[in-house]
Amino acid sequence: MSHPIVDIHTHVYPQSYMDMLRSRKTVPYVHDPASGAASRLIILSSDDSESIPLDQRGRPVDSSYSDINVKLAFMRRHGITTSVVSLANPWLDFVEPNEAQIWAEKINDDLEATCARVNDAADPEGVRALHEKQTLFAFGALPLSAPSADIVAKEIARLKTLPHLRGVIMGTSGLGKGLDDPGLDPIWAALQDTDSLLFLHPHYGLPDEAFGGPEATDRYGHVLPLALGFPLETTIAVTRMLLAGVFDRFPRLKILLAHSGGTLPFLAGRIESCIAHERKFTANGGDTQGPRTDHPFFPPLDGKEEEPWLSVTTNYKAINTTLADDTDSIKDVLGGNAVRILDLK
Ligand code: 5CU
């Protein structure tokens, strides 16, 4: 391997977080069936219906969600040299306000310690080239349910002091009112002032009715919410930021949108057109100047976790096919861009 291959979208649930989920009985929670069958992770309210037996709710959760050695094995299997790990959804969104800061510090310190341990242990004698080592960095979690946005801003500043942290991960609910909420301004300011990358990731999707209600969920499982609900959630969240002028007030905000930007790349033109034609938006002071517009939770089925994962190999194939002979661009997309933007040296 002569160049870095970086995975910037790869989640973990640290053990302390799993323990906390095990102590809960409402979403999000972990249920351990008395039969000894695999534990269940129930993080979506649609998975928590009384009509579903408890032992079958949500999804099976195994060590790949929390064990860093399993993550490193996953990286080796797919030729990934560097991963920027992040706490998985729903992050700390649901934590009691008075516990949010404590949990954020605990999770973020835990991520920092894990990265430090892995990076030091990866090459104890220092004999391997940088790009041959397995290295870990992390995006930090934010205490968004804390009593004030200043507590969140303080954690963003603290993250800059942790050597392996490279930004933050956040969902689309913000402080509970969505990302066009002016109450988020201190947080946007902290991210901009500290030059911290924001990894924006969906969790809440769209209401079940959008997909045909419980009958459709029973028939198709998570296909519609994950394939369509997640990307649309991201698209709606970022569009609300655009409409609220967040990018005008914070022009140096750096955002990484999960899942290739949701559906934003396809809908940007239509969003601009609708903005330009909406009287209510202009009457309310909206700015119509345009144009202004950019893991492993999919293991293979049938117990084939040890084989290459389709969710990874599909990306490799798309990159190699689309960019064909342009080897420099292939290297950039596979890792060079991430190394540069996130300073992963
Ligand atoms: O595909 C994904 O990114 C995910 C994720 O991050 N979390 C989840 O619950 N399902 C799918």
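Colleague: How do the residues of the shell around the ligand divide into nonpolar, polar and charged?
Modeller: The shell has 5 nonpolar, 5 polar and 1 charged. Ala, Val, Leu, Ile, Met, Phe, Trp, Tyr, Cys and Pro count as nonpolar, Asp, Glu, Lys and Arg as charged, and the others, Gly among them, as polar. Before we go on: this is a predicted model, where local features need pLDDT of at least 70, side-chain atom pairs count only at pLDDT 80 or more, and totals for chains, interfaces and linings use all residues. Residues are numbered from 1 along each chain as its sequence is written, and side-chain values use heavy atoms, leaving out hydrogens and water.

Colleague: Which residues are the closest to the ligand?
Modeller: Of the 11 residues that surround the ligand, the closest are His-11, Arg-59, Asn-89, His-201 and His-259.

Colleague: How much of the ligand does the protein bury?
Modeller: The protein buries 95% of the 290 Å² that the ligand exposes when taken alone. Those areas come from the Shrake-Rupley method with a 1.4 Å probe.

Colleague: Changing topic, which residues of helix H6 are buried?
Modeller: Gly-213, Ala-216 and Thr-217 are buried in H6, which covers residues 213-220. Buried means under 20% relative accessible area, exposed over 50%, partly exposed in between (1.4 Å probe, protein chains only). Helices are DSSP runs (H or I, at least four residues), as are strands (E, at least two), numbered from the N terminus.

Colleague: Why do those buried residues line one face of H6?
Modeller: Seen down the helix axis, the buried residues of H6 fall within an arc of 100 degrees, so they line one face. The arc is that of the directions from the helix axis to the C-beta atoms.

Colleague: What is exposed on the other side?
Modeller: Pro-214, Glu-215, Asp-218 and Arg-219 are exposed there.

Colleague: Last one: where is Thr-194 found?
Modeller: Thr-194 is in the loop between helix H5 (185-193) and strand S8 (197-200). The Thr-194 side chain reaches the backbone oxygen of Ala-190 at 2.6 Å.

Methods:
Polar contact = N/O pair within 3.5 Å; in protein donor to acceptor, adjacent residues only side chain to side chain. Near = heavy atom within 4 Å.
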